[in-house]
Amino acid sequence: MELSSPGGTELPATDATALDRLRRFGGPKLLGEMITLFLVAAPERIAVARTAVAGGDVEGAERALHSLKSSAAQLGAMRMQRLSEQGEQRARTGTLEGLAQLTQELDDEFARVSEWLTHARNEGVA
Amino acid sequence: MTTIAIVEDNADNRLLLQAILDGLYELVEYENGIDALAGLAASLPDLVLLDISLPGMDGNEILARIRADDTLRKLPVIALTAHAMSGDREKYLAAGFNDYITKPIVDETLLLSAIERWLTASRLGRS
């Protein structure tokens, strides 16, 4: 699947320095807890965004994507961050056009990020 | 110990702030504006970290109510936001926030120095 910039594939999908930063803030314990929270919260926020898009709720979609953007960036899920930001900005202009497709892309990207973070959590705790 | 109130609906952001601030400050957490305004009035902290994007009452409205309240109006309030657009900083300062920190938190020293700067200013203002 090809995406247009800024969600595109030309930029790195993940940034491991974000995980190093979390270890610095609170060791492997914080890193593990942040990953666990993200793995639960991110799919919930994508689901909230999808429901909002389906129901024509521009503000709800904007807020869910805004939360997702912030959390994804903190965990180094940069492609998810770019996709969320793209959607947030579109919603802020008052349109939900293309956002159903975007939430699908977020789902697909989350599946990849989930593997990456699960691996990092296992490594970090070991 | 100096008390900082954190108003933030996302559990991951609260956990991160705890990791950075725990041990340095006493922390009190609120997940929404209604609870925060009631809690701040009942037990005045030394400083507030206020998320902008909250369900229901957002950070801008909470700030407006803080600044309109005789008991709360002098509280130092630092905005926490992922809305990093150019011109945002000026907008938040003009709205009455003392300072502005962007999420994700990349450099914790920016947060810590902003907190200390406004705690100091607040103490000087009271003495």
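A crossing of two helices is called left-handed if the near helix is turned anticlockwise from the far one by less than a right angle, and right-handed if clockwise. By that convention, the crossing of helix 2 of chain A and helix 3 of chain A is left-handed. The structure is a predicted model, in which local features need pLDDT of at least 70, side-chain atom pairs count only at pLDDT 80 or more, and totals for chains, interfaces and linings use all residues. Residues are numbered from 1 along each chain as its sequence is written, while chains are lettered from A and ligands numbered from 1 in the order in which they are written.

**Confidence**

- The predictor assigns the complex an ipTM of 0.87 and a pTM of 0.91.
- Chain A has an average pLDDT (the predictor's confidence in each residue, from 0 to 100) of 91, with 90% of the residues scoring at least 70.
- Chain B has a mean pLDDT of 94, and 98% of its residues reach 70 or more.
- Over residues 1–5 of chain A, pLDDT stays under 50. For this stretch the model has three contacts beyond four places in sequence, two residues being in contact if their C-beta atoms, placed from the backbone, lie within 7 Å.

**Helix packing within chain A**

- Helices (H or I, at least four residues) and strands (E, at least two) are DSSP runs, numbered from the N terminus.
- Helix 1 of chain A and helix 2 of chain A have their axes 8 Å apart and pack at an angle of about 160°. Axes are lines fitted to C-alpha atoms, for helices over the stretch in contact, and angles run from 0 to 180 degrees between N-to-C directions.
- Helix 1 of chain A is therefore roughly antiparallel to helix 2 of chain A; angles under 35 degrees count as roughly parallel, over 145 as roughly antiparallel, 65 to 115 as roughly perpendicular and the rest as oblique.
- The crossing of helix 1 of chain A with helix 2 of chain A is left-handed.
- Among the residues that meet in this pair are Phe38(A), Ile46(A) and Val53(A) in helix 1 of chain A, and Ala61(A), Leu65(A) and Leu68(A) in helix 2 of chain A.
- The contact of helix 1 of chain A with helix 2 of chain A comprises 13 nonpolar, four polar and one charged residue. Here Ala, Val, Leu, Ile, Met, Phe, Trp, Tyr, Cys and Pro count as nonpolar, Asp, Glu, Lys and Arg as charged, and the others, Gly among them, as polar.
- Helix 2 of chain A packs with helix 3 (residues 78–92) of chain A at an angle of about 155°, their axes being 8 Å apart. Helix 2 of chain A is therefore roughly antiparallel to helix 3 of chain A.
- Residues that meet in this second pair include Glu62(A), Leu65(A) and Lys69(A) in helix 2 of chain A, and Met80(A), Glu85(A) and Arg92(A) in helix 3 of chain A. The contact of helix 2 of chain A with helix 3 of chain A divides into eight nonpolar, four polar and five charged residues.

**Contact between the chains**

- Chain A contributes 17 residues to the contact and chain B contributes 14 residues.
- On the side of chain A that touches chain B, the elements giving two or more residues are helix 1 (16–54) and helix 2 (58–74) of chain A. Helix 1 of chain A gives the most, with nine residues.
- That side of chain A has seven nonpolar, six polar and four charged residues.
- Helix 1 of chain A packs with helix 1 (residues 11–21) of chain B at an angle of about 170°, with their axes 9 Å apart. These two helices are therefore roughly antiparallel to each other.
- Among the residues making this helix contact are Phe25(A), Leu30(A) and Met34(A) of helix 1 of chain A, and Leu15(B), Leu16(B) and Ile20(B) of helix 1 of chain B.

**Sheet of chain B**

- Chain B has an open sheet of five strands with parallel pairing, in the order 2-1-3-4-5; two strands pair if DSSP finds at least two bridges between them.
- Strand 2 (26–30) and strand 5 (99–102) of chain B are the edge strands, each pairing on one side only.
- A cis peptide bond, with omega about 0°, joins Lys103(B) and Pro104(B). Pro104(B) is in the loop between strand 5 and helix 5 of chain B.
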